[in-house]
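Dear colleague,

I am handing over the structure below, and I would be glad if you could look through it alongside these notes.

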Amino acid sequence: MTAGDPQSRIPAYPGVERFIDAFDKLVAQPRRSRSRVPVVLLSEPGGGNAGRRIITGLRSRMRGRSEVLAPHAYIPQIPDGTDPPPLELFEHLTLQLAETMPPGTGELRLHSYRLLRSVVTAPAIEGLMERRHSELRNHCYAEHRNWSRIAQTLWWLGGRDQANGGTLLELLWNFIAGPLFQRLPRAFYGWRANRRMLGRARNRSWYAEWVRRQHGSPPTDFFRSALDLVHGEPANEPERMDRVLMHALLADLDQACRARLFNPWRRRRTSRFVLLFDEAGPADSRVQRFLRELRSAMEDLRCTSVFAVAGGVRSLASRIPDIDASGLAHAGAELINVERRGMTPGQPTGIVVPVAEGPEDDQAAVYWLGRWPTLVTPSPRWGPGAEVAGVLGIGTLALALAAGLVLVPDIAGREEDDPCQGSTFRT
């Protein structure tokens, strides 16, 4: 197998096998031993397409031969002089992450991101403060119904609203079922939003800390504090919107990697979420701004579930310090050190790797890529459906055995009646 084989399209540059080995270990690293990972920036001092070719190879490596091996998102090159809408990049990433979930890992749910997306895209709300946060909650619940089948079904069962007209029977049904299927779920949605975004009193969430830094005191109601994020046009403050959406997205991705006792799909999410950028572009480009917010948010939240690699770095912003690597082999050694020992607080959040096309391929890299053409991830022996069926079968057998011990008198091996039982003896 050569470097140009369709199964292994990663260029066989000197030291690439060490970099790919570190990449594989970080993607499949167990949850309990994870730390945050620096963003890898593939710089091309002399120009060319070396970084893009590596990004393409990493993408094909995670897609596998027959099924997706790790959740990932790929952002193609954005043409020069064009600035996409603020939400387009986020929507592209979340859609691809949801579509590339490996089989048996369940559906990716991004509750906090969708909630804050509804907030920043809400129209300007005017009027009394007592009603503004209620209107914002109603708007967010209306957006929630667009992707939640349960909420949409409950709203449909509640019937048509009286303000929309309808027959007398429809109005009567809405009067009876509306509070049960519409108002009660909407109130429960508001309670869940406050609990998720503000956290408990002893364990404040990132949003409560973010609001406290801005206003000096923690919020008591999410929708009341979120009114400051509502604008008629979100593009007025793109950096502020990117920051709050980035924090929400990373918090959801970290939460999605935490296993739950009664959720076998969650336990099979053993890989990090990988973000691949074809070209980072100049210092003031949309992708560079996104990467800066990503690096800052990963450090603030101590996010351990995301690994980002960007190619085509033509210029770097000097606002954030970086780790300078001499080549792919040096970068692989740095990433292996992160995989084994973790990252300390205050360590730079990015590593710059110069990549240039060599005059000839590395024969050792050609051999290594031929032996390991795709990402190697741990595969459980039993699927989530089999695990659920096994637990239900064991539970049913235990209940049947307990019922048999209680209902059948002699099944426990009780002794026969003693003829002297109840008699009186002279001491």
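What follows covers a pair of packed helices, the cysteines and the salt bridges.

This is a predicted model, in which local features need pLDDT of at least 70 and side-chain atom pairs count only at pLDDT 80 or more, while totals for chains, interfaces and linings use all residues. Residues are numbered from 1 along each chain as its sequence is written, and side-chain values use heavy atoms, with hydrogens and water left out.

Helix α5 (residues 129-144) packs against helix α7 (residues 168-198) at an angle of about 100°, the axes being 10 Å apart; helices here are DSSP runs of H or I with at least four residues, numbered from the N terminus. Axes are lines fitted to C-alpha atoms over the stretch in contact, with angles running from 0 to 180 degrees between N-to-C directions. The two helices are therefore roughly perpendicular, a label for angles of 65 to 115 degrees. On the α5 side, Arg137, Asn138, Cys140, Tyr141 and His144 meet Pro185, Arg186, Ala187, Tyr189 and Gly190 of α7, where contact means heavy atoms within 4.5 Å. Arginine 186 counts as buried at 19% relative accessibility (buried is under 20% relative accessible area, exposed over 50%, partly exposed in between, with a 1.4 Å probe and protein chains only). Leaving aside neighbours within four places in sequence, arginine 186 touches Arg137, Asn138, Tyr141 and Trp155.

Cysteine 140, from the α5 side of that contact, is buried at 0% relative accessibility. The whole structure contains zero disulfides, meaning pairs of cysteine sulfur atoms within 2.5 Å. Cysteine 303 is likewise buried, at 0%, and its sulfur lies 8.2 Å from the closest cysteine sulfur, that of cysteine 257, which is too far for a bond.

There are eleven salt bridges, each a side-chain nitrogen of Lys or Arg within 4 Å of a carboxyl oxygen of Asp or Glu. One of them joins arginine 117 and glutamate 91 (2.8 Å, N to O), linking helix α4 (residues 111-120) with helix α3 (residues 88-99) across 26 residues of sequence. Another pairs glutamate 209 with arginine 212 at 2.4 Å, N to O, both in helix α8 (residues 206-215) and three residues apart, about one turn of the helix. Arginine 243 also forms a salt bridge with glutamate 293, the closest N and O atoms being 3.3 Å apart, so that helix α10 (residues 238-256) and helix α12 (residues 286-301) are tied together by residues 50 apart in sequence. Within that pair, arginine 243 is partly exposed at 30%, whereas glutamate 293 is buried at 10%.

Conventions
Angles under 35 degrees count as roughly parallel, over 145 as roughly antiparallel, 65 to 115 as roughly perpendicular and the rest as oblique.
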